Amino acid sequence: MSLPEVVAHLRALEAEAGREPGSARLVAVTKGQDLESIERQVLAHGSYPLGEGRAQELRDKAAERPDWEWHYIGPLQRNKIKYLRPVTLVHAIEAVWQAEAIAEAAARWGHAPDLLLQLHNGEEQKHGVLADELADTLRGVRETGLTVRGLMVMAPDSGADLTPPEAETRILRLFTETAQRAHDLGLPELSMGMSGDYPQAVRAGATLVRVGRSLFQ
Ligand SMILES: *Cc1c(COP(=O)(O)O)cnc(C)c1O
């Protein structure tokens with residue numbers, strides 16, 4: 001696929017779900033892509049936020065193209081937070097200390113990114129805030145003074161072992177539950193869906209879909 005095809009598909013999925021055109025916005029995931037490919041395969045078609053998942057790569061690219069809109073979608077380590085200066089939205093906050101470190105750096109930068117909290121997907125051990133701890137984490141993150149705009153979630157890889165209809169149902173359920181939690185917390189943004197599962201994400205109400213591979217094939 002190419003970016004125009006992915007965007008046309010998003011518009012069709014929105015229409016099917018009875019959603020406003022453009023309400024599921026594309027975040028073009030550009031990790032591993034050079035600036036020339038990003039220009040040719042993404043920005044030649046319109047202006048899109050660019051999602052980077054490795055902090056040093058983000059710093060290097062954004063230094064060359066400070067006028068582009070950069071999101072950080074990867075995991076956050078303390079010693080990498082200094083590289084997030086160009087970013088307008090951080091998708092995967094998992095702990096209050098991360099927001100505190102960003103707030104401290106932002107005071108030096110003179111501007112701050114907005115944040116999304118990553119919800120644990122209930123199956124993988126590694127990343128995300130457990131559902132039970134979401135309200136407390138949200139409260140702690142807001143105490144830093146930064147703005148939390150929504151939730152982010154990733155479907156577990158274990159879905160790949162299942163036959164397609166079963167995997168899709170499970171992913172759709174995770175996305176629908178995430179949308180419900182965001183709604184309950186009064187959070188408007190939902191970052192859900194990648195190349196393999198963005199149709200389910202749009203059905204469940206994603207407002208930001210993070211697509212990489214499909215744009216660059
Ligand atoms: C790489 C990545 C994506 C994009 O995945 P594709 O399969 O390339 O579309 C989305 N979200 C996160 C957090 C990623 O690391």
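The buried residues of helix α5 in this predicted model are covered by elements that include β4, α4, β5, β6 (148-152) and α6. These buried residues are Leu134, Thr137, Leu138, Gly140 and Val141. When α5 is viewed down its axis, they fall within an arc of 165°, so they line one face of the helix. An α-helix has 3.6 residues a turn, so residues three or four places apart point the same way.

The loop between β5 (114-118) and α5 (134-142) contains histidine 120. Histidine 120 has a relative accessible area of 13% and is therefore buried, since the limit for that class is under 20%. A polar atom of the histidine 120 side chain lies 3.0 Å from the backbone nitrogen of glycine 122.

Strand β5 itself holds aspartate 114. With residues up to four places away in sequence left out, aspartate 114 touches Thr88, Leu89, Val90, Thr147 and Arg149. With arginine 149 there is a polar contact between the two side chains, at 3.4 Å. Threonine 147 is 33 residues away from aspartate 114 along the chain, yet the C-alpha atoms of the two residues are separated by 5.2 Å.

Helix α4 (residues 96-109) includes glutamine 98. The relative accessible area of glutamine 98 is 3%, which means that this residue is buried. Its side chain reaches the backbone oxygen of leucine 76 at 3.1 Å. Leu76 is also among the residues that glutamine 98 touches when those up to four places away in sequence are not counted; the others are Ile81, Ala92 and Ile93.

Helix α6 (residues 164-184) contributes to the cover of α5 and contains arginine 173. In contrast to the buried histidine 120 and glutamine 98, arginine 173 counts as partly exposed, at 47% relative accessibility. Arginine 173 and alanine 201 are 28 residues apart in sequence, and their C-alpha atoms are 9.8 Å apart in space.

Helix α1 (residues 3-16) was examined for its length as well as its packing. At 1.5 Å a residue, its 14 residues should span 20 Å, and this agrees with the 20 Å between its end C-alpha atoms. Leu3, Val6, Val7, Leu10, Leu13 and Glu14 are buried in α1. Because these residues fall within an arc of 120° as seen down the helix axis, they line one face of α1. They pack against β1 (25-29), α2 (35-41), α7 (198-204) and β8 (208-211). On the face turned away from this buried side, α1 carries the exposed residues Ala15 and Glu16. Just after the helix, glycine 18 takes a positive phi of about 70°.

An N or O atom in the side chain of lysine 31 is 2.7 Å from an oxygen atom of the ligand, and for the side chain of serine 195 the corresponding distance is 2.5 Å.

How values were computed:
Residues are numbered from 1 along each chain as its sequence is written. This is a predicted model: local features need pLDDT of at least 70, side-chain atom pairs count only at pLDDT 80 or more; totals for chains, interfaces and linings use all residues. Side-chain values use heavy atoms; hydrogens and water are left out. Helices (H or I, at least four residues) and strands (E, at least two) are DSSP runs, numbered from the N terminus. The expected span of a helix is 1.5 Å times one less than its number of residues. Buried means under 20% relative accessible area, exposed over 50%, partly exposed in between (1.4 Å probe, protein chains only). The arc is that of the directions from the helix axis to the C-beta atoms. Contact means heavy atoms within 4.5 Å. A polar contact is a pair of N or O atoms within 3.5 Å; within protein, one must be able to donate a hydrogen and the other to accept it, and residues adjacent in sequence count only if both atoms are side-chain atoms.
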